[in-house]
Amino acid sequence: MAPITTLHYLVVAAALFILGVIGVLTRRNVVIVLMSIELILNAVNLNLVAFSRMWGLHGQVFAIFVITDAAAEAAVGLGILIAFFRNKETVNMDEVDLLKW
Amino acid sequence: MFFLDHIWLIPLFPAFGAAVMFFFGRKLQKQTVNAVCVGVVVLAFLFSCVAFSQYLGYAHDNPGKPYQTIVYTWLGTDTGGMNFVKHDGTSAAFQADVGFLLDPLSGIWLLFVTGVGMLIHIYSTGYMAHEGGYYRFFGYLNLFMFSMLTLILANNYVLMFVGWEGVGLCSYLLIGFYFHRHSASTAANKAFIVNRIGDAGFLLGMFTIAWYFGSLRFTDVNHLAHSGHFAIGDPIITAATLLLFVGACGKSAQLPLYVWLPDAMEGPTPVSALIHAATMVTAGVYMVARSNALFVLAPASMKTVAIVGALTAIFAASIGLVQNDIKRVLAYSTVSQLGYMFLALGVGAFAAGVFHVFTHAFFKALLFLGSGSVIHAMSGEQDMRNMGGLSSKIPITFRTMAIATLAIAGIPGFAGFFSKDEILWQAWSSEGGAYRLLWLIGFVTALMTAFYMGRLVVLTFFSKPRMSHDVEHHIHESPKSMTVPLVILAFCSIFAGWLGLPHSLGGSDRFAKFLEPVFAREEGVLQAEEPTKFAAAEKEQEHTSPIEYALMALSVAAAFAGLGMAWKAYNRSDKGYEEPIAAAAPPVYDLLYNKYYVDEAYDYAFTGRRKVGDVRLGVMGLGEASSWFDSHVIDGTVNGAGWMTRLAGTLSSWWDKWIIDGLCVRGPAYLMLLLSYPIKLLQWGLVQWYALVMVFGLVGFVAYYAWR
């Protein structure tokens with residue numbers, strides 16, 4: 001069995017990233033969009049951790065910051081979502097177009 | 001002295017009668033109406049007689065002093081509530097009393113007003129017996145007596161004005177007594193309106209006197225006028241007296257305000273006799289005589305009075321020559337005789353003027369009452385062309401009227417002779433020069449008077465009857481209630497003149513003597529003014545000059561000539577007659593018959609009832625033109641200004657809306673809006689699409705750099 005190399009990690013991370021991007025672009029439900037963003041962030045985290053195997057701990061430190069950021073972002077995003085839902089009684093992305101004004 | 005101290009009661013008697021008629025008249029029987037209304041006037045007459053005799057005693061003790069009693073102060077107080085500024089800047093309190101003044105002048109008026117008034121009241125009980133509105137008639141008559149007595153007994157101009165307006169009102173009510181007849185109601189309006197014109201003059205004169213003298217009480221004004229502060233010919237006094245004379249012209253029917261009096265004959269005949277012949281129309285004479293102290297200070301006014309009087313006399317007499325309505329002849333005769341009175345006043349012969357008022361009251365009242373009796377007998381016919389031959393059928397009326405005719409024509413021995421001759425003599429002698437022309441006018445008027453009176457009597461009483469058989473059948477002498485006053489007045493028409501028998505005929509001119517306290521001082525002023533002439537006149541009065549006899553003979557000749565001409569022209573009237581004037585000069589006849597077209601001229605000039613084409617002339621035309629000017633030019637200008645403002649506003653608002661707001665403010669905004677459309681397309685608001693674009697962009701970049 002061939003050893004697991006950095007390239008494997010990068011492929012998995014790329015696959016996760018593409019899944020995340022597709023989720024963000026195609027899903028109608030804002031909650032799922034938020035979850036897809038988490039996927040993208042986690043694909044990035046995976047890349048960072050994989051690269052830290054080669055160049056030291058900086059990547060891991062940065063991954064922890066990203067996790068923190070992801071938590072904060074989830075909290076803020078869900079908060080906005082709840083406020084929005086209270087106004088429009090919907091979580092459908094197509095109906096969220098208020099930013100054009 | 002009870003009666004003298006209570007002369008204020010005299011006007012109240014008829015006032016009581018009028019009040020009773022006003023409140024209860026409708027329910028009263030005719031007998032009761034007679035008892036109340038005639039009774040109060042009889043009482044007033046008796047009261048006046050006694051008061052007058054007591055006044056004679058008073059005058060004997062206080063020579064030259066009028067009797068004055070003030071009941072209460074009616075306008076103004078002593079506390080200065082109604083102060084006003086006089087012409088010289090000092091302040092005076094306006095005050096008008098209910099005060100009564102008895103002096104020879106008002107005494108004479110008092111006696112003949114109550115006396116003639118009483119006779120006419122008695123006469124009316126017969127004349128009006130078959131008329132509707134009996135109580136109303138007597139109520140008005142009593143109200144008139146009240147006003148007239150207030151007028152003559154007042155001790156100041158204001159109270160006099162109250163009476164003055166009161167008689168004007170009663171005149172209006174009584175002319176319009178047959179108010180269902182259109183001509184009567186218009187005649188009443190005419191009388192009232194024309195009188196108001198005169199009253200305006202009276203009021204202004206009154207104000208001027210108050211402003212100049214600070215008082216309106218006759219005694220005060222006379223005292224000041226006599227004091228010598230005021231120069232003869234003082235312009236303010238001249239203005240005041242001229243204004244007063246305007247009032248007199250209205251009330252006493254002088255040119256140019258005489259037009260109402262002939263029309264006033266629409267009223268019942270006793271009214272014509274009482275108001276429009278004997279008493280009310282002499283109020284103007286009374287007022288001028290009462291203001292004599294002022295008039296003598298204004299020679300210009302005196303001249304005006306004399307000239308207006310003389311012109312009125314001949315003017316009205318000439319109209320009277322050709323009228324066919326018996327009452328209308330008498331109406332013009334009245335105007336003419338009033339002209340005589342003013343002529344006398346104007347030449348300074350106040351006593352002669354008053355004397356003529358006195359005698360005229362009797363014979364003119366008699367003439368009117370006689371004509372009433374004729375009309376009564378003729379079943380209401382007033383046109384003399386349809387009369388004739390009445391002398392045997394109504395002998396009492398005929399004889400009394402004949403006496404009055406002789407009196408007014410100036411046949412010696414009758415009342416009119418003495419008074420008229422006195423006036424003519426005074427006109428001749430008082431001023432001389434151009435004033436002789438006034439005498440000539442008076443003389444011609446006397447001739448005319450004799451002619452038209454002769455014409456009236458001959459057409460009415462002589463020759464053979466010209467009326468229809470129905471009317472002829474009904475002719476009857478009037479009842480006692482009407483004939484007795486006629487007889488009494490006839491008696492007065494003969495003997496009233498003897499009171500003023502002049503020196504030249506062996507009398508002592510008692511009438512003028514009696515009036516001396518009222519007028520004496522004025523003669524003094526006249527004397528100062530023109531000493532030589534006055535002295536000459538004085539001398540002539542004492543040593544009667546041959547001219548006076550010559551003039552007397554002339555006027556007697558004129559009287560006989562006039563009567564003779566009338567007899568010659570009309571004594572065969574049953575066979576058809578032609579008016580001598582119409583035969584001699586038809587245009588003159590037309591002019592006279594149409595009363596010089598004065599009414600028509602007034603219609604053109606003042607009332608606007610006649611137009612030239614569609615254009616009104618005169619005052620109403622001016623009014624119409626002014627109204628047109630106002631509604632078209634003034635209002636047009638105002639409206640035009642409004643239109644212009646509105647147009648400017650519209651333009652300005654359009655400019656603001658379309659140019660300022662539109663082009664300058666909204667224009668750029670629209671431009672921006674327009675320009676923003678393509679940019680807006682880029683921002684359609686769906687986040688996922690933005691993300692997709694970003695992904696494509698990223699992929700593009702990456703691909704570009706990867707494969708380059």
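**Helices of chain B**

Modeller: Let me start where helix 15 of chain B ends: after it comes B:Gly348, with a positive phi near 90 degrees. Helices here are DSSP runs (H or I, at least four residues), numbered from the N terminus. This is a predicted model, where local features need pLDDT of at least 70, side-chain atom pairs count only at pLDDT 80 or more, and totals for chains, interfaces and linings use all residues. Residues are numbered from 1 along each chain as its sequence is written, with chains lettered from A and ligands numbered from 1 in the order in which they are written.

Biologist: Is helix 15 of chain B buried or exposed?

Modeller: Of its 21 residues, 20 are buried, so helix 15 of chain B is largely enclosed by the rest of the structure. A residue is buried if 20 or more other C-beta atoms, placed from the backbone, lie within 10 Å of its own.

Biologist: And how many residues of helix 14 of chain B are buried?

Modeller: 16 of 22, so helix 14 of chain B counts as mostly covered. Helix 14 of chain B runs over residues 299-320 and reaches 31 Å from its first C-alpha to its last, close to the expected 32 Å (1.5 Å times one less than its number of residues).

Biologist: At what angle does helix 14 of chain B pack on helix 19 of chain B?

Modeller: About 25 degrees, with the axes 9 Å apart; axes are lines fitted to C-alpha atoms over the stretch in contact, and angles run from 0 to 180 degrees between N-to-C directions. That makes helix 14 of chain B roughly parallel to helix 19 of chain B (angles under 35 degrees). The contact residues divide into 10 nonpolar, five polar and no charged. Ala, Val, Leu, Ile, Met, Phe, Trp, Tyr, Cys and Pro count as nonpolar, Asp, Glu, Lys and Arg as charged, and the others, Gly among them, as polar.

Biologist: What about helix 9 of chain B against helix 14 of chain B?

Modeller: They pack at about 20 degrees, with axes 9 Å apart, and are therefore roughly parallel. Among the residues that meet are B:Phe245 in helix 9 of chain B and B:Val305 in helix 14 of chain B; contact means C-beta atoms, placed from the backbone, within 7 Å.

Biologist: Changing topic, how many residues does each chain put into the contact between chain A and chain B?

Modeller: Nine from chain B and nine from chain A. On the chain B side, six are nonpolar, three polar and none charged.

Technical notes: Contact = placed C-beta atoms within 7 Å. Helix = DSSP H or I, 4+ residues; strand = E, 2+ residues; numbered from the N terminus. Buried ≥ 20, exposed ≤ 12 C-beta atoms within 10 Å, placed from the backbone. Parallel < 35°, antiparallel > 145°, perpendicular 65-115°, else oblique.
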